[in-house]
Amino acid sequence: MLPAPGHDMRTRLDVVAHLNRFLATNVLPAVSRDWEQEACPAFKAANGREPASLKEARDLMENRSSHLGWGLLRRTVMEYRQQVGRQLALSEAVALRDRAQRLNRGRETLKLNPALPIPRHVSAVDTHLMPGGYAAEYQSDDVTNPASYDAGLFATIGGGAGPLNDAAGRALVGWMRGAVPEFRPHMVVDLACGLGHNTLPLRQAFPEARIVALDVAAPFLRYGHARAVSLGVEDVEFWQEDATATSLPDGCADLVFTTMVLHETSAKVLPAILRECHRLLMPGGITIHLEQPPYRQFAPLQQFLRDWDGRHNNEPYWTALHQTNLPQLLEEAGFEPGSTFETTCRAGSVTSRQPEDPGRAPVWYAVGARK
Ligand SMILES: C[S@@+](CC[C@H](N)C(=O)[O-])C[C@H]1O[C@@H](n2cnc3c(N)ncnc32)[C@H](O)[C@@H]1O
């Protein structure tokens with residue numbers, strides 16, 4: 001399903017990939033040097049101690065030229081990434097729509113519900129600067145924004161999630177093989193699946209399982225279903241439903257997961273999704289959620305750098321999520337105290353030698369519980 005960039009468009013996508021790499025490798029170290037050599041010593045001279053919190057790091061660094069320079073360039077690359085992806089997707093919008101229609105026609109595995117209310121945390125936000133957000137439609141049966149997302153994501157992380165952008169799904173499968181090797185789910189629910197990048201590795205790993213992938217955004221489901229069919233995966237079900245209140249019955253699933261979803265949900269929606277995970281799971285079932293790590297794992301400067309998306313990349317729920325105690329929220333959602341866990345999921349290809357573009361490494365903090 002991917003759009004097919006010509007020479008100029010491919011060059012622009014390459015520019016996005018290389019600029020992001022350049023920022024992480026060559027520009028970001030200057031911010032760290034400024035912290036170590038000037039900002040932090042000045043703070044220490046004035047206060048008799050080092051900065052101890054995200055707020056203190058932010059107050060200290062936000063308006064320093066090292067941070068302003070890195071941040072301005074990073075924001076510009078993010079905007080450019082959206083422009084390039086959008087230009088590419090719009091230039092092929094009709095052909096992509098027609099291709100998706102052909103691949104989806106007559107298949108019962110795609111269930112859309114045009115009457116579903118799109119929740120405000122999705123409809124009101126141009127998440128990570130994507131014009132219109134996930135649910136935007138520009139023509140009937142539109143797939144423009146997911147096409148832009150698919151191509152642009154690959155460029156933004158420099159192909160770091162692999163040719164199918166599916167590193168989080170592969171990392172989840174890898175974690176299951178290592179941590180719970182006896183566990184073979186029969187009913188898997190992917191809540192807020194987007195275009196299904198990270199759903200399909202579950203199909204490969206558990207061919208006997210039924211897999212239902214839900215999202216509120218019809219364009220992503222159309223594109224994701226067509227993409228799965230085009231990749232030879234014809235039995236993953238894509239449904240347009242709200243993850244806070246699905247139509248699935250109580251206790252139907254043995255694996256309920258999300259990848260990169262919780263940071264895009266509001267303070268009201270996040271606990272509702274976790275309660276839905278508890279409702280859907282059968283006894284012995286596992287829920288697991290892949291995210292970027294909570295700030296408590298990092299020193300103040302790293303917290304501040306990781307917080308950049310929350311303040312400058314249109315991720316309004318990012319900061320709060322990374323300061324939330326998710327194990328505690330899982331308990332409040334109904335999971336037994338002591339049944340929750342925190343872990344790390346890595347895709348096979350990850351090396352630790354590359355400097356991280358903060359928040360974009362294909363290694364995930366995961367939090368979950370067994371019912
Ligand atoms: C960053 S994307 C992640 C998609 C996918 N899980 C992945 O790993 O590529 C977040 C997705 O969450 C969806 N979403 C947000 N809130 C939702 C809700 N309450 N119910 C269903 N989908 C939701 C959005 O439409 C979007 O597709």
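The points below go from the ligand to a helix, the core and the sheet.

This is a predicted model, in which local features need pLDDT of at least 70, side-chain atom pairs count only at pLDDT 80 or more, and totals for chains, interfaces and linings use all residues. Residues are numbered from 1 along each chain as its sequence is written.

**Around the ligand**
- The ligand has 23 residues around it, and Tyr-134, Ala-192, Gly-194, Ala-243 and Thr-259 come nearest; a residue is near if its C-beta atom, placed from the backbone, lies within 6 Å.
- This shell holds 14 nonpolar, 6 polar and 3 charged residues. Ala, Val, Leu, Ile, Met, Phe, Trp, Tyr, Cys and Pro count as nonpolar, Asp, Glu, Lys and Arg as charged, and the others, Gly among them, as polar.

**Helix H7**
- Helices (H or I, at least four residues) and strands (E, at least two) are DSSP runs, numbered from the N terminus.
- Helix H7 covers residues 167-179, and its 13 residues reach 18 Å from first C-alpha to last, close to the 18 Å expected; the expected span is 1.5 Å times one less than the number of residues.
- Buried residues of H7 include Ala-171, Leu-172, Val-173 and Met-176. A residue is buried if 20 or more other C-beta atoms, placed from the backbone, lie within 10 Å of its own, exposed if 12 or fewer, and partly exposed in between.
- Val-173 counts as buried because it has 20 C-beta neighbours inside 10 Å.
- Beyond four places in sequence, Val-173 is in contact with Pro-201, Leu-202 and Ala-205; contact means C-beta atoms, placed from the backbone, within 7 Å.
- Among the elements covering the buried residues of H7 are helix H8 (200-205) and strand S5 (253-259).

**The nonpolar core**
- The largest nonpolar core has 99 residues, and those touching the most other members are Ala-171, Leu-172, Val-189, Leu-191, Leu-214, Tyr-223 and Val-256. Helix H1 (residues 7-47) gives the largest share of this core, 9 residues.
- Such a core is a set of buried Ala, Val, Leu, Ile, Met, Phe, Trp, Tyr and Cys residues joined through C-beta atoms within 7 Å.

**The sheet**
- An open sheet of 8 strands runs in the order S1-S4-S3-S2-S5-S6-S8-S7, with mixed pairing. Its edge strands, S1 (110-111) and S7, each pair on one side only.
- Two strands pair if DSSP finds at least two bridges between them.
- S7 and S8 run antiparallel and are joined by 7 bridges. Cys-345 has Trp-364 in S8 as its bridge partner.

Conventions. Two residues are in contact if their C-beta atoms, placed from the backbone, lie within 7 Å.
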